[in-house]
Every structure is written in structure tokens, then in C-alpha cells.
Amino acid sequence: MTAFPATPAWVTTQNKAFLRWTNSHLESRGIAPVQNLDSDFSDGVKLIQLLEIIGNETLGRYATRPKLRVQKAENVIVALEYIRRRGIQLYNIGAEDIVDGNIKLILGLLWTLILNFSISEINAEGHTAKEGLLLWCQRKTALYSDVEITDFSASWNNGLAFCALLDRHRPDLIDYDSLDKSDVKGNIELALKLASEEVGIPQLLDVEDVLVAKPDERSIMTYVAHWFHAFSALDKIETAGRRVEKFVEVMSSSYDLQHSYETRVNALLENFSNQIESWNTSVFSGTYSDARTQNQEFSGYKSRLKRSWIAEKTEITSMLGNIKTKLATYGLKDYEPPPGLTLADLDVSWKHLIQAEAVRSKKINETIRDIKENLRKKFADTANTIAEKIDSVSIQLVQLDGELEDQQSQARKIEKQLAPVKDLLIVLEKLSRDLEEATVEENDYTVYSYEELQYELRLAQNAIAKKLLFIENQIVARSMTNLTAIQLEEFESVFRYFDKRQQNSLEEVEFAAALAGLGLVYSEDEMHEVFDDVREDEPTVSFEHFIRYMVDVTADQHTAEQVLQSFMEIAEGKPYVTEFDLRNSLVPDPMIEQLTEIMPKDETGQGLDYAKFMEKLCIK
């Protein structure tokens, strides 16, 4: 038997790969697949059908069922002429080579078709189709450290390049990090299976075609080109999906922004309207505290609420600009706010608010000024009235004349005139507090202050009280006919000195001190008894009680011997008496001054010689 030379491995691999490439196109149009490249292309029919599919145009009339060799050759010529018309150069191949089934030339023709119809459109940055496809593979696998693609041969024989492409585009199908990198056959088998079954990439090669030291370059390029087209289509779908998703997001975001804009504008317009209505219906009670409260609320509006509205108005304006910009960016129809919610409407409402604010500010200021002016006038009217009444009382008091009883009656009538003045002073105190609360410091309507009139009223009351006491005491003194004027003046002076409370009466301690001042000193028990007898069941000793008692005790206590004895007691046995002794015995200061002027000095010059003084005044 004659031995035939073995078929080169590349022919076997390309035959398989190109056959499957051809059938992937034919089957996409429902055309029966090619079984053998060397025989099924011989009549030119399958070749023409393949060209019409990949060229996306008809080649015209041809013999669909050629019987004769010449018919088959004519069909092949139609196919070859079409290829040449597409600008594709063909070398060393004629119709008879196809008709005779020259497999190597047929594989060369198919590679030319693959290169020009499947790979030529793959270009990047001015590179050739091959370089473009290689660059695409490198970029897609750049993040995989154990994958290095430098060609379409040995770079693919461990299967990791295919697995990396799968993981890059369909991470849901493969977990690259969990792969056993040493399982070369398993990785190739897994990648080819997933690509075919899950992605729809025709399996042009078998595992053994790749699992060689140097896989056929054309076969690998043809297969990888299918991967490129499959994932490019997937990328386009994903890009389209992302574009639709983005469009929906933009539309949804735009609608949300439009709704938010209209809601916020409507709320802001309503706030403006409500604020204006609140100001228009506001009523002042006429008190400064109410006006101050409303002024504080107005200040709070300006410092807080108005500022928040200004910020909101600015944000709303910016929001509408963003809406328009976003719609214009994506070529969508411009948004115009509905009537009543435009920025122009918002500006008009804002102007109305500012105008109402100015009116409100003026109204508050006028009200506060009016209230302060009214407070000034009310205070001045009341203060001036009080001053006039006090002056009237003072004048009437000075003009008292006539009998003591008549003066007493007139003084009591004058005293009654101060009762309504007290009530007016209470009113004036309230007005003074109101002025202080309103921070009113000046008042051109009066020269009086509350404190000043309070002091003057107190002086007037004291003056009347003293006048009445004086008259009453004068009436009492008038009835005491057995007292000299000097005695009466002395007793009254002592009584007034010890009447610390100015009640025209003396308590027991005060009464004892007054008697001592007049030279009448008693023991404690004696003093109790005297006090009880003199006050006549009254709680204190009145002026009348005091004068009557002094009349009783002085009837027999003013002999020369008694007075001399008193000086001796005051001097405590010394032959003279000093000013200190006299003050220590509670003798009033005016009397001490009088005694120092008329009493002679003793021989030592240390005091007053009371013996010579009494000897000179008294009859021997």
C-alpha cells in the first residue's frame, strides 16, 4: 500500500475551527451546515450563501442546484468576483481550486473572509485588526496578574486568559480567584463550556486544540474574535441598559425635583400670605408690655424666620436652574412651573411681604412712640396734680390762725386732704414703673419724680402731724396755769427729746429717762409704780399726762434747798459740777449751755460752783 503523508496539525485545527465558524453563520439563517469544507464548497452554493450572510447583501443570480462542473465553476466565480469587488485581495486561488476541493487553498480563502469580515472591524488607536484584537484582550485582562497575553497562540494554552475574559464580563458565571491555576485542562474545558452554553459563543475549538504548546494562531484569532463580538454586544446591551437606566433616573429625579420645587414654592407663598395676614389682623392693647412683646416677635421674625425664607427662596431658585440644566443636558423638554408657582410669582409675593414688613415696622414704632408719649403725659398730669395738692396743703398749714381749737379743726381738715394724694401716689408709682419698663428717661411735661413727691408727701404728713401735736400740746399747756412759761418750755423740750417715735407719748423707759433729765430719779420698782399711776390705764404716757405729773411734782420740788441738793447729787459730792456731769444726768443741751454761761467757775477752774450760784440767786 502507498503511504500518504500525515495531515499537518494546523490544517486539522483550522479545518475544525473554520468549519464551525462557517456553520455558525449558516445556521443563524437556518441553512443546512457544511459537513466537509473540501467537498461542500465545490459547487459554490454554500460559499455564495456564506458571503451573502457575512456581507449582508445578495450576490445576484446563480445556479442553486448545479449539476455540471461548468455550473459549479460559474458559481465559484460569482463568489470570487464578489470578494474582489469588496476590495479583498486573493492570491493563487481560482475557481477550479474550490471545485477540486483543495483544502489548504479553501482554508486560506476562509481565513481571508474571517480576517476581513470578522476581525477587520476590530481596530483601536490606528492598529491593525490583529493588533486591535490583541489590545482589547490585554486591556480586559490587565487586572489579572497571572494572565499575560502577548499573542494568539501560547498565551492561551493554560485557559486562564479565557477564564479571565469570562470573569471580566460575566462574573456571575465564574469565580476566577477560586480556580486551581494548575488545572490547565479543567480551566480550558470550563471556559469553553461556559462560553458556549451561557454566553452563546460558538465553540470553534476543542480542548485539545488549545491544550498544545503552540495553538494555531488563526484558529485562536477566529475563536477570540467571536468572544470579542459576543462581549462587545453584551457591553452594548449593558451600555444601552445603563443609558435607559440613567434616562429613567434623570426623568425620575427631574420629576421629583419638579414636585419638590412646586411643593416648596407653594409652602413659601403660603407662609408669606399667612405672615401678612397675621400682621394685618394684629391688635395692640395699648400697653407698653404688649407693644414690646409684639416688637420682640417682629425682631425674631427678621432674625430667624425671614432669614430662613431668604435661604429657602435662594435654594428654590437654584433648584429650578438645576432642573432646567439637567433637562437640557439630556435633550429633554424644558420645564416651566405652573401658573402661580413661577419665580416671577414668588418675587411678586416676596415684594408684598417686604412692603407689609415695612408697614408693620412703622406701625410698631409709631405705637411704641405713642405709648411712651401717653405714659409721659399721664405721669406728668398725675405728678403735677400731686405737687399742687401738696403745695396747697403746705400753704394752708402755714396760714392757720385763730383759736387753738379752730386751728386744730382746720388742721384735721387739711390732713384729710392728703388721703386722695396717697391714692394718686400709688397710681404715680405704677406709672413710674411703666416708664422704667418703657425705658423712658426724659419727660418734658413735669419736673417731678415719684421719689421726690413721695418724699414731699411724707414731709407734708409729718408737718401736719407735728402741727396737730403742737396744737394739742398747746391746748394742754394752756390749762396748766400754775406753770411758768420757762417751766412749760423745759418740760415740753424734754418730752419732745425722749419721744423718739414721735407719737406724742412715752413708753416706760422713755418716761424714766425724761424724768431723770429733769432731776427726778427713781428706783426700778418706784418707776414702775409712777408709770402705772401717770398713764391712767393707757399703754403710754401722753404729753398731757406728763405735764400734769410735772405740775404735781414741781409744786414742792423747786425750793433752793432741793435744787442745791440736786446739784450735789449730780456732782456726786464734788464742790463743783462739770458739763459732763450735767449731760450724764440727762440735762438737755440747751439748758447746759445756759448754765455754763450764768454759773461761776469754781476756784480750781475744773467746773461750775453750784453753791455760789444758788447763794447768789436765793434769799438767805
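Start with charge. The chain carries 68 positive and 102 negative side chains. Lys and Arg count as positive, Asp and Glu as negative; His and the chain ends are left out. The centres of the two sets are 15 Å apart, with each charge placed at NZ of Lys, CZ of Arg, CG of Asp or CD of Glu.

A word on the source. This is a predicted model, where local features need pLDDT of at least 70, side-chain atom pairs need pLDDT 80 or more, and totals for chains, interfaces and linings use all residues. Residues are numbered from 1 along each chain as its sequence is written, and side-chain values use heavy atoms, without hydrogens or water.

Now the overall form. The C-alpha atoms fill a box of roughly 205 × 60 × 45 Å along the principal axes. The radius of gyration is 66 Å, whereas a compact globule of 620 residues would have one near 25 Å. That radius is taken over C-alpha atoms, and the globule rule is 2.2 Å times the number of residues to the power 0.38. The chain holds 24 helices and two strands. These are DSSP runs: H or I of at least four residues for helices, E of at least two for strands, numbered from the N terminus.

Finally, zoom in on Met568. This residue belongs to helix H21, residues 560-571. Beyond neighbours within four places in sequence, Met568 contacts Gly573 and Tyr610; contact means heavy atoms within 4.5 Å. Arg264 lies 304 residues from Met568 in sequence and 107 Å away in space, C-alpha to C-alpha.
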